[in-house]
Amino acid sequence: MMEATASARPSALRRPLHGAAWCLGAALALLLSVALGIAIGETALSPSLVLQVLANKLAGAHYAIDPISQGIVWNYRLPRALVAASCGAGLAVSGVILQSLLRNALAEPYLLGISAGASTGAVLVTVVGIGAGAISMTVGAFFGALCAFALVALLAHAAGSGGLRNSGQIVLAGIAGSQLFNALTSLIITKSGSAEQARGIMFWLLGSLSGVRWPDTVLTACIAITGLLLCLLHTRALDAFTFGSESAAALGVPVRRVQLVLLLAAALMTAVMVSIVGAIGFVGLVIPHAARMLVGVSHRRLVPASAMMGAVFLIAADVLSRTLIRGQVLPIGVITALVGAPVFAVILLQSQRRRG
Amino acid sequence: MTAAPLVTADQPVLQACALGLRLQGRPVVEQLSLPVQRHEMLGLIGPNGSGKSSLLRLLAGVIRPNEGQVLLQGQPLHKRGRRAIARELALVAQMAETQDAISVEDAVALGRTPWLSALQPFAAQDWEAVQQALDAVGMADRRHSAWHSLSGGERQRVHIARALAQQPGVLLLDEPCNHLDIHQQLSLMALIRSLPVTKVVALHDLNQALACDRLAVMQQGRLVALGRPEQVLDAALLAQVFRVEASALVDPWDGSRVLRFRPLSSS
């Protein structure tokens with residue numbers, strides 16, 4: 001079969017190899033960044049020590065290691081690195097979904113106010129106690145995310161022609177939504193929360209990986225992998241949206257179902273990540289655009305590449321947030337915004353030029 | 001692939017039956033019945049807002065009618081799955097655009113979507129269909145060009161190639177010559193005429209419409225005339241629907257008929 005296609009299409013032969021090389025490279029980069037994420041920090045640990053702890057825990061080896069170092073690796077840094085990887089992957093894939101389905105280069109969970117809505121939902125459950133323990137913070141975040149998305153979509157739609165596809169409208173609607181939900185979050189915490197919770201507001205507004213533990217790791221990893229698989233099953237449908245949803249329908253894609261499934265997946269991923277680590281911005285914007293430069297616009301390659309790059313990016317951002325200022329941990333959202341805001345500006349200029 | 005239904009040669013390949021469509025309470029298409037014959041080129045004409053685009057979208061099954069139904073090969077369209085429809089019927093919408101950095105080949109390859117399941121990779125026959133589609137529109141040598149480097153006419157050709165890669169029996173085109181310069185318009189119309197499929201083409205230029213096998217004339221959502229161009233475009237209809245009067249001139253170069261229009265002085 002390979003020979004048959006190769007003559008009709010010279011690049012067909014190269015592509016599978018290309019793909020395999022990319023996969024291998026990406027997997028290595030991910031493993032390396034997890035290892036570095038564990039090794040680098042306030043207490044620098046040698047890579048060999050990290051490997052020994054992992055061997056003890058995972059492979060039943062019996063290296064003699066000081067229990068404090070072992071605790072740092074196993075209980076603090078590994079879950080933290082894995083949560084960072086899951087969040088990065090989940091947010092990046094959410095960004096890919098939103099950009100493709102809304103036909104908008106600037107669509108991203110944070111800019112569209114979805115993260116802010118998720119924060120408000122999570123805060124309503126934890127601080128005010130809505131649901132009386134029957135629903136978890138994650139469920140609250142999910143409904144908050146859906147509400148915010150619905151609000152922003154309606155606002156953008158009402159604001160005029162082009163609706164969701166009009167870059168300007170939806171980003172403006174997203175700003176309004178973000179501001180509203182962030183204000184609600186602040187209001188709820190200040191009114192109902194304890195002093196400690198009030199200090200925690202930074203967590204919801206800027207994101208932080210401090211204090212994540214194994215149960216968080218399991219949840220975020222499961223959701224990120226589910227979202228990624230769901231998205232991988234729909235890569236061909238996502239490609240079909242290249243010329244808009246009507247064109248996708250004409251190509252035989254069940255547009256409503258795909259939109260519903262994938263937008264819910266994006267909202268769920270965002271909600272879970274926000275309920276665990278707060279609102280981390282710009283990952284869903286920066287990563288898909290960077291990935292497009294590397295592997296092109298075909299979602300078959302773009303989705304896995306974005307997930308991998310998102311994971312690596314957020315681990316790196318976490319390491320930076322812990323090491324940039326000695327003795328202090330920056331909110332991780334500060335790092336992602338420092339990278340993301342300039343990228344946002346570049347995309348804005350580019351899309352303006354393309355239209356002109 | 002799909003079981004071929006029993007059709008007689010003279011049964012319409014595509015048929016609108018008493019279609020009605022309302023958008024925000026406003027009737028856009030009303031009581032519209034239209035049979036499309038196999039391998040004909042049917043021109044759809046009418047003033048702006050007469051419902052040409054809406055009718056094409058109804059025929060393509062992209063939107064559902066409020067009343068009536070569309071029959072494809074004698075079967076109701078809404079009883080078929082979206083993929084089954086897309087294998088027999090392709091729509092070239094009006095100037096569909098993208099911000100994505102795709103190549104000509106990527107855009108045409110999208111036409112294989114209805115033939116492939118979610119995880120199925122491209123096979124030799126898919127590349128062949130893409131190649132044939134590119135050849136048919138004369139864009140094979142531009143296959144690796146970026147979408148954004150193409151002219152309006154070239155983009156329209158690529159859209160048609162994408163539709164052809166669906167290997168449909170029926171091609172619906174919504175004002176394919178919009179915003180093209182005169183050379184591009186003429187060569188695109190020649191290309192569309194030469195395609196060996198059934199074609200329904202919404203057109204603005206009545207002289208281009210003269211080249212169709214039959215014309216369907218729409219006014220305020222209704223079909224007001226259907227027939228051969230020279231029969232349909234008479235003085236009464238031109239005055240009533242298009243509010244123009246026309247002189248038919250004969251081009252001495254090849255003896256073909258050309259219409260020259262003047263606005264109706266009375267209105």
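A: Happy to! One term to start with: a helix axis here is a line fitted to C-alpha atoms over the stretch in contact, and angles between axes run from 0 to 180 degrees between N-to-C directions. Also, please keep in mind that this is a predicted model.

Q: Got it. At what angle do α10 and α13 of chain A cross?
A: Roughly 160°, and the axes of α10 (residues 214-233) and α13 (residues 255-277) of chain A come within 10 Å. Angles over 145 degrees count as roughly antiparallel, so α10(A) and α13(A) are roughly antiparallel to each other.

Q: And which hand does that crossing have, left or right?
A: The crossing of α10(A) past α13(A) is left-handed.

Q: Which residues meet there?
A: From α10(A) they include Leu219(A), Ile223(A) and Leu230(A), and from α13(A) they include Leu262(A), Leu268(A) and Val272(A). The residues of this contact between α10(A) and α13(A) split into 13 nonpolar, two polar and one charged.

Q: What about α4 and α15 of chain A, how do they pack?
A: Helix α4 (residues 67-101) and helix α15 (residues 299-323) of chain A pack at about 140°, with their axes 7 Å apart. That makes α4(A) and α15(A) oblique to each other, and α4(A) passes α15(A) in a right-handed crossing.

Q: What kinds of residues make up that contact?
A: The contact of α4(A) with α15(A) has 17 nonpolar, five polar and two charged residues. Among them are Ala84(A) and Gly88(A) in α4(A), along with Leu302(A) and Phe313(A) in α15(A).

Q: Zooming out, how many helices and strands does chain A have?
A: Chain A has 16 helices and zero strands. Of its 356 residues, 50% are buried.

Q: How many bridges join β1 and β4 of chain B?
A: Five bridges, linking β1 (residues 14-23) and β4 (residues 67-72) of chain B in the antiparallel sense. Leu14(B), for instance, stands opposite Leu72(B) in β4(B).

Q: Last one: how many residues are in contact between chains A and B?
A: 26 residues of chain B are in contact with 26 residues of chain A. On the chain B side, the elements giving two or more residues are α2 (82-86), β6 (89-92) and α4 (124-136) of chain B. That side has 16 nonpolar, five polar and five charged residues.

Notes: Residues numbered from 1 in each chain as written. Chains lettered and ligands numbered in written order. Predicted model: local features only at pLDDT ≥ 70, side-chain atom pairs only at ≥ 80, totals over all residues. Helix = DSSP H or I, 4+ residues; strand = E, 2+ residues; numbered from the N terminus. Parallel < 35°, antiparallel > 145°, perpendicular 65-115°, else oblique. Left-handed = near helix turned anticlockwise from the far one by under 90°. Contact = placed C-beta atoms within 7 Å. Nonpolar A, V, L, I, M, F, W, Y, C, P; charged D, E, K, R; others polar. Pairing = 2+ DSSP bridges. Buried ≥ 20, exposed ≤ 12 C-beta atoms within 10 Å, placed from the backbone.
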